[in-house]
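Work through the exercises below with the sequence and the model open. Each task is followed by its solution.

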Amino acid sequence: MTNQRTFRLFGRVVKISLTVLIFLVCGILLWRVFSSGDPASMSALSVNEPLREAYREHGENLLLQYQNQNPSITQAEHNRGYFSVTQYVFIPQANQVQLVFRYNNSTIQHLKEDKGLAELPSKEDDLFDVTLVVTEDLTPNNTEDNDEESAVKKERIYPTSGGCTRDTTSLYTYYRYTFDGVTVEDLTLGVFVDVYYVGDLNYEEKAYGTLCIYNSSYDWITRGLTGEEIGALTRKED
(Lines give C-alpha, C1' and ligand atoms only; values in the text may rest on other atoms or scores of the structure.)
Protein backbone atom coordinates (compact mmCIF):
# COMPACT_ATOMS: atom_id res chain seq x y z
CA MET A 1 0.00 0.00 0.00
CA THR A 2 2.81 2.35 0.91
CA ASN A 3 4.55 1.59 -2.37
CA GLN A 4 1.36 2.38 -4.30
CA ARG A 5 1.00 5.75 -2.54
CA THR A 6 4.65 6.53 -3.22
CA PHE A 7 4.24 5.61 -6.87
CA ARG A 8 1.11 7.77 -7.22
CA LEU A 9 2.80 10.68 -5.47
CA PHE A 10 5.83 10.34 -7.72
CA GLY A 11 3.58 10.26 -10.78
CA ARG A 12 1.82 13.46 -9.68
CA VAL A 13 5.12 15.22 -9.06
CA VAL A 14 6.37 14.23 -12.51
CA LYS A 15 3.10 15.33 -14.13
CA ILE A 16 3.13 18.69 -12.34
CA SER A 17 6.80 19.21 -13.18
CA LEU A 18 6.20 18.48 -16.87
CA THR A 19 3.20 20.84 -16.91
CA VAL A 20 5.23 23.63 -15.31
CA LEU A 21 8.06 23.02 -17.76
CA ILE A 22 5.71 23.19 -20.75
CA PHE A 23 4.18 26.45 -19.53
CA LEU A 24 7.65 27.85 -18.85
CA VAL A 25 8.87 27.00 -22.37
CA CYS A 26 5.70 28.43 -23.92
CA GLY A 27 6.12 31.59 -21.84
CA ILE A 28 9.71 32.03 -22.98
CA LEU A 29 8.75 31.49 -26.62
CA LEU A 30 5.89 33.99 -26.38
CA TRP A 31 8.17 36.51 -24.70
CA ARG A 32 10.71 36.11 -27.49
CA VAL A 33 8.03 36.55 -30.16
CA PHE A 34 6.50 39.69 -28.63
CA SER A 35 9.86 41.23 -27.69
CA SER A 36 11.20 40.71 -31.23
CA GLY A 37 8.85 43.22 -32.84
CA ASP A 38 10.08 46.72 -33.64
CA PRO A 39 9.32 49.31 -30.92
CA ALA A 40 6.75 52.00 -31.65
CA SER A 41 9.48 54.59 -32.21
CA MET A 42 10.54 52.67 -35.34
CA SER A 43 7.07 52.29 -36.86
CA ALA A 44 6.65 55.49 -38.89
CA LEU A 45 8.72 57.39 -41.43
CA SER A 46 11.04 60.12 -40.20
CA VAL A 47 10.09 63.47 -41.69
CA ASN A 48 12.68 65.83 -43.19
CA GLU A 49 12.53 68.55 -45.84
CA PRO A 50 12.99 66.32 -48.95
CA LEU A 51 10.19 64.04 -47.78
CA ARG A 52 8.00 66.98 -46.78
CA GLU A 53 8.50 68.58 -50.19
CA ALA A 54 7.63 65.33 -51.96
CA TYR A 55 4.47 65.05 -49.87
CA ARG A 56 3.49 68.63 -50.71
CA GLU A 57 3.72 67.75 -54.40
CA HIS A 58 2.22 64.24 -54.41
CA GLY A 59 0.11 64.09 -51.26
CA GLU A 60 -1.20 60.64 -50.41
CA ASN A 61 -0.12 59.45 -53.87
CA LEU A 62 3.47 59.51 -52.65
CA LEU A 63 5.08 56.27 -53.84
CA LEU A 64 6.58 53.98 -51.20
CA GLN A 65 8.18 50.77 -52.43
CA TYR A 66 10.30 47.89 -51.24
CA GLN A 67 11.17 44.32 -52.21
CA ASN A 68 10.69 40.98 -50.54
CA GLN A 69 14.36 40.40 -49.76
CA ASN A 70 14.88 37.15 -47.87
CA PRO A 71 16.70 36.63 -45.67
CA SER A 72 16.85 40.09 -44.07
CA ILE A 73 19.57 38.98 -41.66
CA THR A 74 23.28 38.38 -42.20
CA GLN A 75 23.92 34.74 -43.10
CA ALA A 76 27.67 34.47 -43.73
CA GLU A 77 29.62 32.10 -41.50
CA HIS A 78 31.53 34.95 -39.84
CA ASN A 79 28.47 37.09 -39.02
CA ARG A 80 25.46 34.76 -38.99
CA GLY A 81 22.58 36.47 -37.21
CA TYR A 82 24.57 39.58 -36.27
CA PHE A 83 22.60 42.25 -38.15
CA SER A 84 19.22 42.64 -39.79
CA VAL A 85 17.10 45.21 -41.61
CA THR A 86 13.61 44.74 -40.21
CA GLN A 87 11.93 47.21 -42.57
CA TYR A 88 12.88 49.60 -45.35
CA VAL A 89 11.27 51.71 -48.02
CA PHE A 90 12.40 53.52 -51.16
CA ILE A 91 10.67 56.85 -51.80
CA PRO A 92 11.67 57.72 -55.39
CA GLN A 93 9.77 61.01 -55.53
CA ALA A 94 11.94 62.19 -52.62
CA ASN A 95 15.11 60.35 -53.77
CA GLN A 96 15.15 58.86 -50.31
CA VAL A 97 15.54 55.53 -48.52
CA GLN A 98 14.55 54.86 -44.93
CA LEU A 99 15.37 51.67 -43.07
CA VAL A 100 15.38 50.13 -39.62
CA PHE A 101 18.66 48.47 -38.68
CA ARG A 102 18.76 46.03 -35.77
CA TYR A 103 21.24 43.90 -33.84
CA ASN A 104 20.80 41.83 -30.70
CA ASN A 105 22.74 41.74 -27.44
CA SER A 106 24.75 38.70 -28.50
CA THR A 107 26.15 40.69 -31.44
CA ILE A 108 27.96 42.91 -28.94
CA GLN A 109 29.57 39.83 -27.38
CA HIS A 110 30.58 38.60 -30.84
CA LEU A 111 32.02 42.04 -31.59
CA LYS A 112 34.27 41.80 -28.52
CA GLU A 113 35.50 38.37 -29.60
CA ASP A 114 35.86 39.15 -33.32
CA LYS A 115 37.78 42.39 -32.79
CA GLY A 116 39.81 41.20 -29.79
CA LEU A 117 38.51 43.99 -27.54
CA ALA A 118 39.67 44.09 -23.94
CA GLU A 119 36.22 44.92 -22.59
CA LEU A 120 32.63 44.30 -23.65
CA PRO A 121 31.32 47.44 -25.40
CA SER A 122 28.37 49.17 -23.79
CA LYS A 123 24.95 48.66 -25.30
CA GLU A 124 24.43 52.41 -24.96
CA ASP A 125 27.31 53.23 -27.33
CA ASP A 126 26.96 53.79 -31.08
CA LEU A 127 29.01 50.79 -32.18
CA PHE A 128 28.38 50.51 -35.91
CA ASP A 129 28.71 52.68 -38.99
CA VAL A 130 25.87 52.09 -41.46
CA THR A 131 25.97 53.26 -45.08
CA LEU A 132 24.32 52.38 -48.38
CA VAL A 133 26.23 51.17 -51.43
CA VAL A 134 24.53 51.56 -54.82
CA THR A 135 25.99 49.46 -57.63
CA GLU A 136 25.63 50.33 -61.32
CA ASP A 137 26.25 48.11 -64.34
CA LEU A 138 28.96 49.69 -66.50
CA THR A 139 28.61 47.03 -69.20
CA PRO A 140 24.85 46.55 -69.63
CA ASN A 141 25.34 44.52 -72.80
CA ASN A 142 27.21 41.87 -70.83
CA THR A 143 25.37 40.47 -67.84
CA GLU A 144 27.97 37.81 -67.15
CA ASP A 145 30.62 40.20 -65.80
CA ASN A 146 28.56 41.74 -63.00
CA ASP A 147 30.77 40.07 -60.38
CA GLU A 148 33.84 41.83 -61.75
CA GLU A 149 34.78 45.11 -60.03
CA SER A 150 35.85 46.69 -63.32
CA ALA A 151 32.34 46.23 -64.71
CA VAL A 152 30.48 47.69 -61.72
CA LYS A 153 30.46 51.24 -60.36
CA LYS A 154 29.90 51.65 -56.61
CA GLU A 155 28.60 54.75 -54.87
CA ARG A 156 28.55 54.98 -51.07
CA ILE A 157 25.75 57.06 -49.54
CA TYR A 158 25.89 58.24 -45.95
CA PRO A 159 22.97 58.78 -43.55
CA THR A 160 21.44 62.22 -43.65
CA SER A 161 22.68 64.44 -40.83
CA GLY A 162 20.13 64.30 -38.04
CA GLY A 163 18.26 61.53 -39.87
CA CYS A 164 18.70 58.84 -37.26
CA THR A 165 16.47 57.59 -34.43
CA ARG A 166 17.78 55.13 -31.83
CA ASP A 167 15.89 52.86 -29.44
CA THR A 168 16.54 49.70 -27.42
CA THR A 169 14.57 46.80 -25.98
CA SER A 170 15.68 44.09 -23.59
CA LEU A 171 17.00 42.04 -26.55
CA TYR A 172 17.79 44.47 -29.37
CA THR A 173 19.23 47.82 -30.38
CA TYR A 174 17.43 49.64 -33.20
CA TYR A 175 18.30 52.52 -35.52
CA ARG A 176 16.03 54.16 -38.07
CA TYR A 177 18.21 55.75 -40.76
CA THR A 178 17.31 58.22 -43.50
CA PHE A 179 19.40 58.36 -46.68
CA ASP A 180 18.82 61.21 -49.12
CA GLY A 181 20.02 61.41 -52.72
CA VAL A 182 19.30 57.75 -53.50
CA THR A 183 18.07 56.92 -57.01
CA VAL A 184 17.39 53.56 -58.60
CA GLU A 185 17.71 53.67 -62.37
CA ASP A 186 17.71 51.21 -65.26
CA LEU A 187 21.40 50.35 -64.82
CA THR A 188 21.24 50.00 -61.04
CA LEU A 189 22.14 46.44 -60.09
CA GLY A 190 21.67 46.56 -56.34
CA VAL A 191 21.50 48.62 -53.18
CA PHE A 192 23.27 47.25 -50.12
CA VAL A 193 23.52 48.13 -46.45
CA ASP A 194 27.15 48.03 -45.31
CA VAL A 195 27.94 47.72 -41.59
CA TYR A 196 31.36 48.54 -40.13
CA TYR A 197 32.58 48.63 -36.54
CA VAL A 198 33.24 52.29 -35.69
CA GLY A 199 36.50 51.39 -33.94
CA ASP A 200 37.87 49.74 -37.08
CA LEU A 201 36.38 51.82 -39.88
CA ASN A 202 37.97 51.34 -43.28
CA TYR A 203 35.76 51.40 -46.35
CA GLU A 204 38.54 49.83 -48.39
CA GLU A 205 38.16 46.67 -46.32
CA LYS A 206 35.29 44.20 -46.47
CA ALA A 207 32.27 45.25 -44.42
CA TYR A 208 31.58 43.55 -41.09
CA GLY A 209 28.10 42.83 -42.44
CA THR A 210 26.22 43.47 -45.70
CA LEU A 211 22.51 43.21 -46.45
CA CYS A 212 20.77 43.66 -49.80
CA ILE A 213 17.69 45.89 -49.95
CA TYR A 214 17.39 46.21 -53.73
CA ASN A 215 18.11 43.64 -56.44
CA SER A 216 17.36 44.50 -60.07
CA SER A 217 15.96 41.01 -60.65
CA TYR A 218 13.26 41.40 -57.97
CA ASP A 219 9.89 43.09 -58.37
CA TRP A 220 8.82 46.14 -56.39
CA ILE A 221 6.08 45.97 -53.76
CA THR A 222 4.25 49.23 -53.06
CA ARG A 223 2.44 50.49 -49.99
CA GLY A 224 0.58 53.62 -49.02
CA LEU A 225 1.26 56.08 -46.24
CA THR A 226 -0.07 55.05 -42.86
CA GLY A 227 -2.32 57.33 -40.86
CA GLU A 228 0.53 57.92 -38.43
CA GLU A 229 2.84 58.95 -41.27
CA ILE A 230 0.26 61.30 -42.80
CA GLY A 231 -0.25 62.84 -39.38
CA ALA A 232 3.50 63.40 -38.94
CA LEU A 233 3.80 64.96 -42.41
CA THR A 234 0.86 67.31 -41.92
CA ARG A 235 1.93 68.30 -38.41
CA LYS A 236 5.29 69.36 -39.74
CA GLU A 237 3.57 71.76 -42.13
CA ASP A 238 1.54 73.53 -39.43
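**Exercise 1.** Locate Y203 in the chain and decide whether Y203 is buried, partly exposed or exposed.

Solution. Y203 sits in the loop that links strand 8 (188–197) to strand 9 (209–215). Strands are DSSP runs of E of at least two residues, helices runs of H or I of at least four, both numbered from the N terminus. The model is predicted: local features need pLDDT of at least 70 and side-chain atom pairs pLDDT 80 or more, while totals for chains, interfaces and linings use all residues. Residues are numbered from 1 along each chain as its sequence is written, and side-chain values use heavy atoms, without hydrogens and water. Next, the relative accessible area of Y203 is 25%. Buried means under 20%, exposed over 50%, and partly exposed in between (1.4 Å probe, protein chains only), so Y203 is partly exposed.

**Exercise 2.** Find the contacts of Y203 beyond its neighbours within four places in sequence.

Solution. Contact requires heavy atoms within 4.5 Å. With those neighbours set aside, Y203 touches D129, T131, R156, Y158 and Y196. For R156, the separation from Y203 is 47 residues in sequence, and the C-alpha atoms are 9.3 Å apart. With D129, the side chain of Y203 forms a side-chain polar contact of 2.9 Å. Such a contact is a pair of N or O atoms within 3.5 Å; within protein, one must be able to donate a hydrogen and the other to accept it, and residues adjacent in sequence count only if both atoms are side-chain atoms.

**Exercise 3.** How many helices and strands does the chain have?

Solution. The chain has four helices and 10 strands. From the N terminus, the order is α-α-β-β-β-α-β-β-β-β-β-β-β-α.
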